[in-house]
Amino acid sequence: MWTNRNVWIILTGELIAGLGLWMGIIGNLEFMQEKVPSDFMKSVILAIGLLAGIAVGPLAGRITDQKRKKTVMIYAGLGRMVSVIFMFIALYMDSVIWLVAFVISIQMAAAFYFPALQAAIPLIVGGKNLLRMNGVHMNVATVARILGTSLAGILLVVMSLFMLYLSSFIAYFLLFIFTLFLKIDEPIEQKNTNKQKSKGSFKDVLPVIKGLPIVLMTLILTLIPLLFLGGFNLMVIKISEIHDDQMIKGIIYAAEGISFMLGAFAVKKISDRWSPYSIMFFFSLIVGFAQISLFLVEMKIVAVAAFAIVGFSLGCFFPTAATIFQTRMPKEYHGRFFSFRNMLERVMFQVVLLGTGFFLDLVGLQIMVVIFGMISVGLSGFFYFRFKRQSIQEDNKNTVSL
């Protein structure tokens, strides 16, 4: 895998782009803090961008299946660069409207880029190296998040918002250059098949998902971690308030990020002993139990340990899920499928975020984590026993046919 030039291009490009992404996010928060006094309006602005990404999801999926993955990634990269230009205008004109244009355009570009990237990875790395590639790719994204937020915080002290966004623009430009050097082999037969099958509706992918029970089950299981991730920042803020300690936020973020990277490295070894489905079910259960353990959040060590356990579990969970999707879903549907998945996760993320805020006000953190944790454990257990029952039924059918 490491001798593949495309692997290094993708990983290096993603690290640079991740830095640009998080510098832009921190810049947005700083700009809104200065120009948008209402917290509700801040959330509305961010939600508008999210809805824009969801709206173009079906189109992004069809185009990804019809066109070369590299072509889609190149144009999406250009879209990111254009979006940052909108932010330059916002700074020059001191305008929130142009900030909204930036948020919408950057989310639309992401709606095209990430499904194309997910569809391209199995074309670059196949077989036993696919799981490792997914794990390393997610680790790069985690490193970019940690470095990007830290770097942005430092840059804001020594330079203006304009220079911060200029750094973000340079990062996206470098990603664009890296993408130009990608060489992805897409078989002619596959491209012709894609053009025929992609002429239908975006909804054509739904029957395919229903016809592949393990894909459907994995898709549902990936929503379980969102019960934790959707309210991640709100929970961290609440924990710092409970302990009256701002430093604990940094400790929790670091513990979760480092543990995630360890999990993404360890999952390759774990996969040598466990099936992908065992990994999925086990670590989704662990996430649920870790949520419940936050009932003892008044103990700092328990709070930090819970987030570290979740980080390690997700580091094993997400690369495994990505590998199942990439190998079990027919390649001619990859673009539409990953667009559908991104849309589903974005909607779920928003629902959980709003639900977390509601429950924190209504019953408090300790009761909320027990409720969410029980839902996670219940769903994991339900789908595990359903999967085992289906496996037994298939074995019986095979025995009868023999």
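Predicted model: local features only at pLDDT ≥ 70, side-chain atom pairs only at ≥ 80, totals over all residues.
## Reading cavities and a surface patch

By class, the lining of the second largest cavity has four nonpolar, four polar and one charged residues.

Trainee: What counts as nonpolar, charged or polar here?

Mentor: Ala, Val, Leu, Ile, Met, Phe, Trp, Tyr, Cys and Pro count as nonpolar; Asp, Glu, Lys and Arg are charged; the others, Gly among them, are polar. Residues are numbered from 1 along each chain as its sequence is written, and side-chain values use heavy atoms, without hydrogens and water.

Trainee: What is a cavity, and how many of 30 Å³ or more are there?

Mentor: On a 1 Å grid over the protein atoms alone, a cavity is a set of points where a 1.4 Å probe fits but cannot get out; lining residues have an atom within 4 Å of a point. Points are joined across faces, edges and corners, and the volume is the space filled by probe spheres set on them. The whole structure has two cavities of 30 Å³ or more.

Trainee: Which residues line the second largest cavity?

Mentor: Gly-53, Ile-54, Gly-57, Ala-111, Pro-115, Ser-339, Asn-342, Met-343 and Arg-346. Helix 2 (39-55), helix 5 and helix 16 (334-362) each give two or more of the lining residues. Helix 16 has the largest share, four residues. The space is about 40 Å³. Helices here are DSSP runs (H or I, at least four residues), numbered from the N terminus.

Trainee: Which helix gives the most to the lining of the largest cavity?

Mentor: Helix 1, with four residues. Helix 1 (5-35), helix 5 (96-124) and helix 7 (161-180) each supply at least two. The lining includes Ile-9, Glu-14, Tyr-113 and Phe-178. By class, that lining has eight nonpolar, two polar and one charged residues. About 60 Å³ of space lies inside.

Trainee: Which residues make the nonpolar surface patch?

Mentor: Patch residues have over 30% relative accessible area (Shrake-Rupley, 1.4 Å probe, only the protein chains shown as cover). Nonpolar side chains are joined within 5 Å, like charges within 9 Å. Here the patch covers about 970 Å², and its residues include Phe-295, Met-299, Phe-358 and Ile-371. Helix 16 and helix 17 (365-401) each give two or more residues. Helix 17 has the largest share, four. Phe-295 sits in the loop between helix 14 (276-293) and helix 15 (300-328).

Technical notes:
1 Å grid on protein atoms, 1.4 Å probe; cavity = no way out; pocket = protein on both sides within 12 Å on 5 of 7 lines; lining within 4 Å. Salt bridge = Lys/Arg side-chain N within 4 Å of Asp/Glu carboxyl O.
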